[in-house]
Amino acid sequence: MSGIDYSGKIPNNVNLGEDRALQRALEQWQPGFLDWWKDMGPDGSQGLDVYLRTAVSVDPQGWAQFGYVKMPDYRWGIFLSPAEAKRSIHFGDHKGENAWQDVPGEHRANLRRIIVTQGDTEPASVEQQRHLGLTAPSLYDLRNLFQVNVEEGRHLWAMVYLLHKYFGRDGREEGEALLERRSGQQDNPRILRAFNEPTPDWLSFFMFTYFTDRDGKFQLCALAESSFDPLARTTKFMLTEEAHHMFVGESGVARVIKRTCELMNELKTDDPVRLRAAGVIDLPTIQRYLNFHFSVTIDLFGADESSNAATFYSSGLKGRFEEGKRNDDHVLKGQTYQVLALHDGHLVEKEVPMLNALNEVLRDDFIKDSVAGVDRWNKVIEKAGIPFRLKVPHKAFHRNIGALAGVRVSPSGRLVSEDEWRANVDQWLPSAADRALVVSLMGRVVEPGKFANWIAPPVMGINRQPVEFEYVRFN
Ligand SMILES: [Fe+2]
Ligand SMILES: [Fe+2]
């Protein structure tokens, strides 16, 4: 087990103290990061004492410690999973060779781009979520939001460490740029579209952490296979933190559904107007939020056919989800995969070289994983004896990337005309009225153990604390 050095300015398990130049460069980046946190981190949170977990080891058993922290004092650090002795490359053209401990010159530009793109999503989500604390439905939820936020901040550190250590001056410049872009800003936005969408309310936040943090999981899993060993080890440790983010999303949506179902049974109605008047979010509105977040998130996997994806795989930069568990040759030359395409006014399956379809392969793995959680949400509705079921929309619905970009498809997968799309879009995606309704329900609840009317309490507290624990202290 590698312990973490907490004695320096930057907690780490990478022997930072032995590389003075790198340590200095990161210590110079640190004040900029703290300024960014003060400007763009959670609104009005600087003085709060928050019951947070902090990574203290990379041992899967007991890697974190819980305690009250003021967030600007959070110990953001650099932690890599332990090195595997004699790790070798297990996919692509270099299969069987030793994993790289440094960046090969010919892959430098692509690796830098991969790391910067991943790194950019981390601060972006903090920016997207920065006003949510003001409308948290409970102290428990407020704490979970802040936990996600500080860990996304740490993920930024993880990527900046790689940039500084392995990419010299270019890497340091990228590190600066990561603090300069802003989610949703016109002239200097974040790199990926879903990370420029606002997260204006808690239903959006839960959908985001369920779907979009899960995109993070799949990207990180693919990078944890990388031949560039420091990237593989960094992303592996990030995944331990990511699990909680998806839990926040899945359990959050489940609690919203539970509360709505309670009111439906109490009032004996499924009329959205009556349910909204009673202060809960009706199930069709939840479905529309699901449609939106699902479709925006699956775009993050990129174009269905991509020569970059082929290059990243064949050169060993990025593997598939669970590459090691698959029973094929891990080279994939000559293999094919089905992607969807528009042909003569129909959606048809088209066979393409698998190497070019690896974005689609990862997207399909993500879809399988997302559907499982939606089934668990449906169990909540079923248990309440209500016949409604949530469903993930068709893969071609509301897409903006690849061959399906802009093709008008209903959530069930039927091609529709522009007129039909316009006539139905408010049934398929959150309308301005839906968003206004959800925003109107948000209001801060800060009494320990109390919850806003639109959401049920969780089954358990955090770290075996009771639900009514004082997760955030306002002093
Ligand atoms: Fe992250
Ligand atoms: Fe996350």
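Predicted model: local features only at pLDDT ≥ 70, side-chain atom pairs only at ≥ 80, totals over all residues.
The largest nonpolar core of the model comprises 117 residues. Within this core, M207, V256 and I257 have the most contacts. Helix 3, which spans residues 139-166, gives the most to the core, contributing 16 residues. When residues up to four places away in sequence are left out, M207 touches G249, V253, Y289, L290 and H293. In soluble globular proteins, nonpolar side chains tend to be buried together.

Helix 3 has 28 residues. From its first C-alpha to its last, helix 3 reaches 41 Å, close to the 40 Å expected at 1.5 Å a residue. Helix 3 is mostly covered, with 28 of its 28 residues buried. Just after helix 3, G168 takes a positive phi of about 55 degrees.

One residue of helix 3 is H155. H155 counts as buried because 26 other C-beta atoms lie within 10 Å, and the threshold for a buried residue is 20 or more. Beyond residues up to four places away in sequence, H155 touches E122 and M238. The C-alpha atoms of H155 and T234 are separated by 9.1 Å, although the two residues are 79 residues apart along the chain.

Two packed helices are described by the angle between their axes and the distance between the axes. For helix 1 (residues 20-40) and helix 3, the axes come within 11 Å and cross at roughly 150 degrees. The crossing of helix 1 with helix 3 is right-handed. On the side of helix 1, the contact involves L22, A25, L26, W29 and W37; these meet G153, V160, Y161, H164 and K165 in helix 3. The residues of this contact divide into seven nonpolar, two polar and one charged.

Helix 10 covers residues 358-383. The buried residues of helix 10 are L358, N359, E360, V361, L362, R363, F366, S370, W377, V380 and I381. These buried residues pack against helix 5 (202-223), helix 6 (229-267), helix 8 (283-298), helix 9 (307-314) and strand 3 (336-343). Just after helix 10, G385 takes a positive phi of about 75 degrees.

Methods:
Residues numbered from 1 in each chain as written. Chains lettered and ligands numbered in written order. Core = buried A, V, L, I, M, F, W, Y, C linked by C-beta atoms within 7 Å. Buried ≥ 20, exposed ≤ 12 C-beta atoms within 10 Å, placed from the backbone. Helix = DSSP H or I, 4+ residues; strand = E, 2+ residues; numbered from the N terminus. Contact = placed C-beta atoms within 7 Å. Axes fitted to C-alpha atoms, helices over the stretch in contact; angles between N-to-C directions. Left-handed = near helix turned anticlockwise from the far one by under 90°. Nonpolar A, V, L, I, M, F, W, Y, C, P; charged D, E, K, R; others polar. Expected span 1.5 Å × (residues − 1).
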